[in-house]
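User: I would like to go through a protein structure and ask what stands behind each label. Please set the values against the cut-offs.

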Amino acid sequence: MTTPFPFTAVVGQDDLRLALLLNAVSPAVGGVLVRGEKGTAKSTAVRALSALMPALDVVSGCRFSCDPASPDPGCPDGPHEAGASETRAARMVELPVGASEDRLVGALDIERALSEGVKAFDPGLLADAHRGILYVDEVNLLHDHLVDLLLDAAAMGASYVEREGVSVRHAARFLLVGTMNPEEGELRPQLLDRFGLTVEVAASREPEQRVEVVRRRLAYDDDPAAFAARWADEETGVRARIVAARELLPSVRLGDGALRQIAATCAAFEVDGMRADIVMARTATALAAWAGRTDVLAEDVRQAALLALPHRRRRNPFDAPGLDEDRLDRTLEEFSGDDPDPEPGQDPDSDPGQDTDQDPDPGPDGPGGGGGGQPQPGDAPQGADAEVPPPPPGEGGQPQPSGAGEQSAVQACEPFRTKVLSVPGIGEGAAGRRSRARTEHGRTTGARRPKGALTRLHLAATVQAAAPHQRARGRSGPGLVVRRDDLRQATREGREGNLVLFAVDASGSMAARQRMSAVKGAVLSLLLDAYQRRDKVGLVTFRGRGADVALPPTSSVDAAAARLESLPTGGRTPLAEGLLRAHDVLRVERLRDPARRPLLVVVTDGRATGGPEPVALAERAARLFAVEGVASVVVDCETGPVRLGLAGQLAGELGGTAVTLDELRADSIAGLVRDVQGTSRRAA
C-alpha cells in the first residue's frame, strides 16, 4: 500500500487544511469544494486527510459499514444481530469523472428481480464511502445528474436506488470533498450552493515557501516511509485533536447573539435561501469544538462566513466568488451582543464608528486559519474585487497588435436572452441542454435488446416479448415466466452539450464603437447561453494579417468572456484565414472528442478584404464546412440603411443560416426557435 503524503507536512494552504479538518470534526457541515489552479496540493491534502480519520468499528461482513453500536435498521445486509465486529481504517473512495450512475449509487439486478423475485443489489461507491471520505477530482467535469445524486445523498445521509418499482435504501454519510480547476469550467450556482464550504487555493508567490514545498516533495519521493515517520508525532497529535473535537461538539453552545450575527451576515450579503445560515451555524460550532471551547465566539462566526459565503454570492457565471471583509467586519460589529439594537432602517453597510482590530491567528490550528488573515506579499489576489492579470499573448491569450489602424477594446453592451441555436439530427454526446441526443436520461422513445448489462428496463416491451411463450414455459401461477431473451432495454432521448466555436470578425469594418459593443454583447449573450446548456466553447478571432485562436475549446465560458472583453479591433478582414483556422480547431477537437457535435457561430458583416481574391478564398473555405456537414450560423452584424447581404451569402456557402443581431434576441418577433440548417442530417 502506498504511503500517503502526511497532512501536517503540507506547506501553507491554511484555508484548505482548516476546511478539511472542520468537515472531519463535523461531516454535517456539508463537505468542501476546493477551487484552484493546477499543482496547488488540492488532491495531496485530501488524500492525506484519510490517514488522520479515526478508525471505525464495523459489523463483520456488512458491505455497508454499519456501526455495531447502532446498525442501520434498513441495511440491505441486515438485520444485524449483536455479534462479531471488526475495526478498520476509514476509507477514502474516489469517484472518477467518467463513472456511471450505477457505479455511483449501485445497481439492481432487474433480471433476477423479475424472474426470481430476488432483490439483488450490488452496492456502489456511495456505500463504500459510508462513514469515510468521498473524493471527486474534477467535480466540475462530472455530469450534472451525477452531481445532483451525490449531493442529495450527502444532504440526506442515505442513498435511494429505484428501478421499475424495485427500490433499495442504505445509509450514506460521508465527508464529501470535490476539487476543480475553474479554468476548465464552473459548476452551476445551484450545485455550488450544495457544498458546505468552498476554498480558493493558489500557489505561493513567496520564494522561501516554494523552496520548502520542493524540498519536502523531493524528500517524500526519495523515501515515502521515512518521510512519513518524521511527521508521525504531528499526525498523531492532529488525529487525537479530531477525536477530542468530535466528543466536545455536542456540548458546544450556539447562543442567540451568534445566531443573530449569522443571520445578519447572510442578509447583508444577500445570499439566496437559508442553506448558508445553516452551514454557517454548523461551521461556527465545529470551529469552537476544534479550538476546544464550548461557546461560539464572534471570531468563529467571521471565519465561518469566509468559508461558507463567497461561492454563494455568484449570480451568473461571469461573477467572481469573493467576500468584502470590511463589510463583513462592520456587520459583525453592528450585531455584536455588546451593542444596542440598531435603529430601524439603519444601513448594515454604514460605518458603526469603530473598526474592529481583530487579527485572527492564521493556520488550521485556530479559528482564524482561513481566509480572514491578511494577504502575504506575493500571494495571488483573492475576492470579487481582485485585479486579475491579463492572459499571456499568443494562442489562448490576447491577440497581438496588428499595426496601424488598431483600436482599443470597447465594453460589451448588456447581455440578453438569445434564441435557441441547435444542431440538427440526434447525437450521442455528453449530457447537456442544447441538441437532441440519445442519453441515459430523458423521455423513453422505444426499446431494444440490451447490449451487456440491463440498465433501464422497458417493462411493456419485456412483457410483450415474454407473453407469447408462457404456455410453452409451463406457466401455472399468476406470475410471468421471464427469460433473459425477453428483457428489453429502454431507449431514451434527452439533450446533449455541443462544442460552440465562435469565429469573430474584429477587423476595421467592425470597429465603430457602438457596433462593436453590440457585437460583443451578442457574443457574451451566446456564451451565457452556452454555459446554461453545458457546452464547450472556443474563440477564433480574425483581423489584420491573419487569425488567432483566442481560446482553445474549453468548458470555461468565463475565460472566453475575459478574452472577448479585451479584444481590440482594426485592420483588414481576412475572412478566409478565420474560417480555415476554425476548421483546424474543429478537426483537432473531433479527434479528441468525436461524440461532441460542433456548432460554428461566425460573427461578421460578411466582408472579405486583403490578399489576392479574398472573396473567392472565403467561399472555398466556407464550403469545407458544408461538405463535412458542420452545423453553422452567421450572425449578420451589418447595419445601416444600405446592406450588401454578404453575411447571408456566406451562410449559403457554409450550408447554414444567417440571423441579424436583432433576430438573435429571444424576444424578437422573427421566431421562437431556429434550428441551424446543416447540409447533412444524422439519422434518428
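User: Leaving aside neighbours within four places in sequence, which residues is L309 in contact with?

Analyst: L309 is in contact with T265, C266, F269, V271, A276, M280 and L323. Contact here means heavy atoms within 4.5 Å. Before we go on: this is a predicted model, in which local features need pLDDT of at least 70, side-chain atom pairs count only at pLDDT 80 or more, and totals for chains, interfaces and linings use all residues. Residues are numbered from 1 along each chain as its sequence is written, and side-chain values use heavy atoms, with hydrogens and water left out.

User: What makes C266 count as buried?

Analyst: Buried means under 20% relative accessible area, exposed means over 50%, and partly exposed lies in between (1.4 Å probe, protein chains only). C266 has 3% relative accessibility, so C266 counts as buried.

User: Which residues touch the most other members of the largest nonpolar core?

Analyst: They are L20, L49, V177, W290 and L309, in a core of 59 residues. A nonpolar core is a set of buried Ala, Val, Leu, Ile, Met, Phe, Trp, Tyr and Cys residues joined through side-chain atoms within 4.5 Å. Helix 12 (residues 275–290) gives the most to this core, with 10 residues. Helices (H or I, at least four residues) and strands (E, at least two) are DSSP runs, numbered from the N terminus. There is also a second, separate core of 38 residues, which includes Y531, L551, L599 and V635.

User: Why is the pair of F5 and Y220 called edge-to-face?

Analyst: Rings of Phe, Tyr and Trp (its six-membered ring) pair if their centres lie within 6.5 Å; planes under 30 degrees apart count as stacked, over 60 as edge-to-face and the rest as tilted. F5 and Y220 are 5.2 Å apart, centre to centre, with 70° between the planes, so the pair is edge-to-face by the cut-offs. The pair links distant parts of the chain, 215 residues apart: F5 is in the segment before helix 1 (14–25) and Y220 in helix 8 (residues 207–222).

User: What makes the pair of F227 and W231 tilted?

Analyst: F227 and W231 have 45° between the planes and lie 6.3 Å apart, centre to centre. Ring pairs link F5, Y220, F227 and W231 into a cluster.

User: How do you know that the charged end of R327 sits over the ring of F269?

Analyst: A charge sits over a ring if NZ of Lys or CZ of Arg is within 6 Å of the ring centre and within 35 degrees of the ring normal. The charged end of R327 is 5.0 Å from the centre of the F269 ring and sits over it. R241 likewise lies over the face of W290, at 4.0 Å from the ring centre.

User: Where is confidence lowest, and where is it highest?

Analyst: Confidence is lowest in strand 22 (residues 673–675), at a mean pLDDT of 43, and highest in helix 12, at 94. pLDDT is the predictor's confidence in each residue, from 0 to 100. The protein averages 80, and 82% of the residues score at least 70.
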